[in-house]
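Please have the structure open and follow along.

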Amino acid sequence: MNVLWLQSAGCGGCTMSLLCAENPNVLDTLGDGGIEFLWHPSLSIETGAEVVALLSAVERGEIPLDVLCFEGSVATGPRGTGRYHMLAGTGRAMLDWLRALAPRAEHVVAVGTCAAYGGITAAGGNPAGAMGLQYDGRARGGALSEAFTSRSGLPVINVAGCPTHPAWVTETLLMLAGGALGAGDLDAFGRPRFYADHLVHHGCTKNEYYEYKASARQLCEIGCMMEHLGCVGTQAVGDCNIRPWNGEGSCTRGNYPCIACTSPEFEEPGHPFTETPTIAGIPVGLPSDMPKAWFMALASLSKAATPKRIDVNAHSDRIRVVPNLKGRK
């Protein structure tokens with residue numbers, strides 16, 4: 001299976017994340033799965049006229065295209081022309097190339113939240129007209145039409161994340177190579193369900209503090225960050241804490257709140273990322289599927305039952321009180 005990878009309006013962070021994959025690295029993983037790059041701006045040696053010739057051959061159908069991966073949002077400005085991002089040496093906008101190549105591809109994969117929904121590059125006044133391939137924020141219909149499907153009959157596959165997890169990219173490509181990813185394997189926003197059916201909350205190392213509503217008030221404290229510091233891991237999709245980056249890291253493990261970077265329009269929550277909006281002291285964003293009355297009853301009981309160990313540690317930058325071992329005299 002061959003992959004053509006294009007980058008548009010973004011920071012290149014999803015490629016950086018992909019290249020940070022270890023044990024095995026991304027090239028070994030994809031190579032073992034029979035996947036090779038036709039071209040990738042960071043990995044391939046072809047440049048200039050060679051790349052232009054390759055893209056033109058794909059456009060004409062002379063080179064079959066299995067997967068078009070697109071990283072970064074699509075700049076559609078000014079006035080829908082896409083000329084804010086011209087593909088060097090071609091005299092054509094990246095928007096034009098996307099619309100020409102996508103119908104040629106067996107599958108189209110949006111790599112990262114910018115490519116999926118617009119992401120950070122669509123924040124603010126969005127003068128560039130940045131949007132995703134098939135979504136403009138939460139609305140269907142982006143640089144490609146709402147009804148677009150690739151030659152496989154699938155819509156754009158949105159491997160959302162900012163940056164996206166390297167294993168989400170490689171697993172998606174391996175599933176496509178094996179014919180194991182169909183329409184039923186995508187959620188309502190086109191994200192692969194193998195990671196989107198999980199919440200960031202699952203596997204979070206702060207879950208004991210969450211259970212007792214033992215909440216941190218500063219980023220240096222190790223308590224739960226939902227109540228005061230803006231963490232939305234109980235609502236955001238992703239298996240970040242089940243299989244952390246390189247087996248070690250995640251945002252919450254680094255003591256920073258989850259900001260739901262796999263979600264459309266996460267870039268403008270309407271409040272600082274590290275603040276939890278409340279009404280009468282009650283967080284506006286409650287855990288998924290939990291009625292407000294239940295949450296309030298649970299929170300009240302949990303706080304009343306909080307062991308001293310958890311309360312002290314929640315407001316510290318390290319473990320101060322260790323668990324009392326059973327049977328210890």
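Let's begin where two helices touch: Leu55, Ser56, Val58 and Glu59 of α3 meet Trp97, Ala100 and Leu101 of α4. Keep in mind that this is a predicted model.

**The α3 and α4 contact**
- By residue type, the contact of α3 with α4 divides into five nonpolar residues, one polar and one charged.
- Two packed helices are described by the angle between their axes and the distance between the axes.
- Here, the axes of α3 (residues 49-60) and α4 (residues 94-101) come within 9 Å, crossing at roughly 40°.

- Leu19, Leu27 and Leu43 make a nonpolar surface patch of about 240 Å².
- Of these residues, Leu27 belongs to helix α2, which spans residues 26-32.

**Backbone spots to look at**
- Most residues other than glycine have a negative phi, and most peptide bonds are trans.
- The peptide bond from Gly77 to Pro78 is cis, with omega near -5°, and Pro78 sits in the loop between β4 (74-75) and β5 (86-87).
- Another cis peptide bond runs from Cys162 to Pro163, with omega near -5°; you will find Pro163 in the loop between β11 (157-159) and α6 (166-177).
- Lys213, a residue other than glycine, has a positive phi near 50°, and its place is in the loop between α8 (207-211) and β12 (278-279).

Conventions. Residues numbered from 1 in each chain as written. Predicted model: local features only at pLDDT ≥ 70, side-chain atom pairs only at ≥ 80, totals over all residues. Heavy atoms only, no water. Axes fitted to C-alpha atoms, helices over the stretch in contact; angles between N-to-C directions. Helix = DSSP H or I, 4+ residues; strand = E, 2+ residues; numbered from the N terminus. Contact = heavy atoms within 4.5 Å. Nonpolar A, V, L, I, M, F, W, Y, C, P; charged D, E, K, R; others polar. Patch = residues over 30% accessible without salt bridge, like charges linked within 9 Å, V, L, I, M, F, W, Y side chains within 5 Å. Areas by Shrake-Rupley, 256 points an atom, 1.4 Å probe, with all protein chains shown as cover. Salt bridge = Lys/Arg side-chain N within 4 Å of Asp/Glu carboxyl O.
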